[in-house]
Amino acid sequence: MSGSPDSGGSDCAGDGEEQLHRPLPEQVRTRVIAYGSDVLGGMRTSELPPSLRRVARFEPRRRARLVGPQIAAQLETDPTFRSRVASRVEQVWPELAEGLREGVVPPAADPVTVASCAYLLRPPGWTEVVEDIRSTLEQHAGAKEADEAAEAVESVRQELKEARRTHQEELARLRTQIKEQRSEISELRRKVHHERRRAKDAVTRAEQAENQNTDRETEFTSLVNTLKVENRQLRSRLTAAEKQVEIARKSVRTGRNADEARLRVLLDVLVASAHGLRRELALPASLDSPADLVTEGEWQGRRVALDGLPDDDPGLLEYLLTVPHVHLLVDGYNVTKTGYGTLPLADQRSRLLASLEGLASRTRAEITCVFDGADVDTPPASPKPRRVRLLFSEPGRTADELIVRLVEAEPSGRPIVVVTSDQEIVSAVRRAGARAVPSAIFLRRMENRG
C-alpha cells in the first residue's frame with residue numbers, strides 16, 4: 001500500500017503496492033504540494049478534482065498556502081491526478097525520471113527533488129529511495145543542529161570570557177573608586193574639623209558682639225532720653241515762635257488788604273475807561289488773522305519770496321518753518337493723494353490733520369489746511385481749540401482758488417509757504433511772492449518725525 005504525505009499509510013491502496021511507513025519528510029511534502037498546485041492551474045474545469053475546483057483560479061502560491069493538505073490528500077488518493085502531476089514532473093526532469101525508473105539516482109541531484117519525483121512517479125523501489133533521502137535529510141539536519149550547537153557553545157564561551165574581562169575591569173574600577181572615596185572622606189573629615197573650629201570661634205565672636213551691643217543699647221537709651229528732653233524744649237520754643245509769626249502775618253495782612261483795595265479800585269477805573277474807549281472807537285471784541293477774514297474780502301499786496309535751499313532739498317521744509325511768523329498753507333488732497341490716496345477721503349483728512357497738529361505743536365507756526373468742499377455737504381468750521389486752521393472751498397469754487405486768495409490776503413512782507421505739487425498753484429503763489437514746497441518733501445519730513 002502507498003503511504004500518504006500526511007500519514008504513515010493509506011487503507012485505500014492496493015495490496016501489492018509499495019507504501020511508506022512514515023509520513024513524507026516536511027521538505028518533500030512541501031515540494032509535492034507545490035507541484036500539485038502548479039498543475040491545477042493548467043487543468044480544464046471538467047478534469048479538476050471537485051474538492052479543488054474552488055481554488056483552481058488562485059495564484060499557485062496562494063493555492064499551496066490555502067489548500068495544501070487537500071492537495072496532498074488528493075495526490076495520495078487520486079491516481080489520475082497524481083499521474084498528471086507526475087507527467088508534468090517527468091517533462092521538467094526527464095533524466096531524473098528515467099534514472100529513477102532504471103533504479104539509478106543521480107548523485108548530484110537535489111535530494112528533495114529526487115524524493116518528490118520518486119513519490120509522484122512511484123517506480124519500483126521508490127519507498128526505499130524516499131527512506132534513504134529521509135535518512136540523508138535527517139543526517140544533514142542533525143549535522144546542522146550540531147554545528148549550530150557548537151556555534152552556540154563557542155558564542156557562550158566568548159560571552160563568558162567577555163563577561164569575565166568586564167567583571168575584572170569593573171572590579172578594578174570599583175577598587176579605584178573606593179580608594180578615591182576613602183581619600184575624599186578623609187578630606188571631608190579634615191574640613192569638618194576645621195569648620196567646627198571656625199564655628200566655635202564664630203560663636204565666641206557672636207557672644208562678644210552681643211555683649212557690646214547690650215552696652216551700646218544702654219548708651220543709646222540714655223542718649224534718646226536726653227534727645228527727647230531737648231525735643232520737648234525745642235517744641236515749646238517753636239510754638240512760641242509760631243505764635244509770634246502768626247501775629248506778624250495778621251499785621252501784614254491788614255496792611256496788604258488796604259493796598260489791594262486801592263489797587264482794585266484803580267483797575268476798575270482803567271477797565272471802565274477801556275470799555276468806554278472801545279465803544280467810542282467802535283472796535284471789534286476780538287481780532288482775527290487775515291486768513292480768517294479771507295471769505296469776507298480780498299487783500300492786495302506783494303511780499304518778498306523766501307530764498308535759501310532748492311525745492312528738492314530734504315531739509316527745505318525744516319528750514320522754512322524756522323522763519324519767524326511763517327504761515328504754512330497745505331493743499332490737503334494734493335498731499336493725501338500723494339502719500340495715501342487709497343484711503344477714503346474722510347480718513348485722508350483725519351490722518352493729515354493729525355500730522356499737522358503735531359507739526360504745529362512742535363514749531364508753533366500758523367498752519368492752514370485747505371480742502372475742496374465739493375465732497376462734503378456742509379464743510380465743517382474750524383474748531384477754536386485746534387492749532388490747525390481747517391478751510392473748505394465754497395460751492396462752485398476750488399481749493400486752488402482759495403489757496404491763492406489766502407496768499408494774497410496776507411500783508412506784504414510776511415513769509416508764506418505753500419505745500420503742493422500742483423504746478424498751477426505753484427505758479428500762482430510764486431507770482432504772489434510765496435514759496436512752494438513739493439508734497440513729497442512734506443510727507444518725507446512727516447514720516448521721519450513720525
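This is a predicted model: local features need pLDDT of at least 70, side-chain atom pairs count only at pLDDT 80 or more; totals for chains, interfaces and linings use all residues.

Visitor: What is the strand order in the open sheet of five strands?

Guide: The order is E3-E2-E1-E4-E5, and the pairing is parallel. From one strand to the next the twist averages 20°.

Visitor: Why do strand E3 and strand E5 count as standing at the edges?

Guide: Strand E3 (388–392) and strand E5 (435–437) each have a single partner strand, so one side of each is left without a neighbour in the sheet.

Visitor: How do you know that strand E1 and strand E4 pair?

Guide: Two strands pair if there are at least two bridges between them. Strand E1 (residues 327–331) and strand E4 (residues 416–419) have four bridges, in the parallel sense, so they meet the rule of at least two. Within this pair, Leu329 stands opposite Val418 in E4.

Visitor: Which helices lie across strands E1 and E4?

Guide: Helix H11 (residues 399–409) lies across E1, E2 (366–371), E3 and E4, and runs at about 155° to E2. Helix H12 (residues 423–431) lies across E1, E4 and E5, at about 155° to E5.

Visitor: Why is Leu402 called buried?

Guide: Buried means under 20% relative accessible area. Leu402 has 7%, so Leu402 counts as buried. This residue is found in helix H11. Leu402 and Phe371 are 31 residues apart along the chain, and their C-alpha atoms are separated by 9.1 Å.

Visitor: What makes Cys117 and Cys369 buried?

Guide: The cut-off is again under 20%. Cys117 has a relative accessibility of 1% and Cys369 has a relative accessible area of 0%, so both count as buried.

Visitor: How many disulfides are there?

Guide: A disulfide needs a pair of cysteine sulfur atoms within 2.5 Å. By this rule the count is zero.

Visitor: How do the axes of helix H5 and helix H6 cross?

Guide: The axes of H5 (residues 94–101) and H6 (residues 111–121) come within 10 Å and cross at roughly 65°. The crossing of H5 past H6 is right-handed.

Visitor: Which residues of H5 and H6 meet?

Guide: From H5 there are Leu96, Ala97, Leu100 and Arg101, and from H6 there are Thr113, Val114, Cys117, Ala118 and Leu121. By class, the contact has seven nonpolar residues, one polar and one charged. Arg counts as charged, so Arg101 in H5 is the charged one.

Key: Residues are numbered from 1 along each chain as its sequence is written. Side-chain values use heavy atoms; hydrogens and water are left out. Helices (H or I, at least four residues) and strands (E, at least two) are DSSP runs, numbered from the N terminus. Axes are lines fitted to C-alpha atoms, for helices over the stretch in contact, and angles run from 0 to 180 degrees between N-to-C directions. Contact means heavy atoms within 4.5 Å. Buried means under 20% relative accessible area, exposed over 50%, partly exposed in between (1.4 Å probe, protein chains only). A crossing is left-handed if the near helix is turned anticlockwise from the far one by less than a right angle, and right-handed if clockwise.
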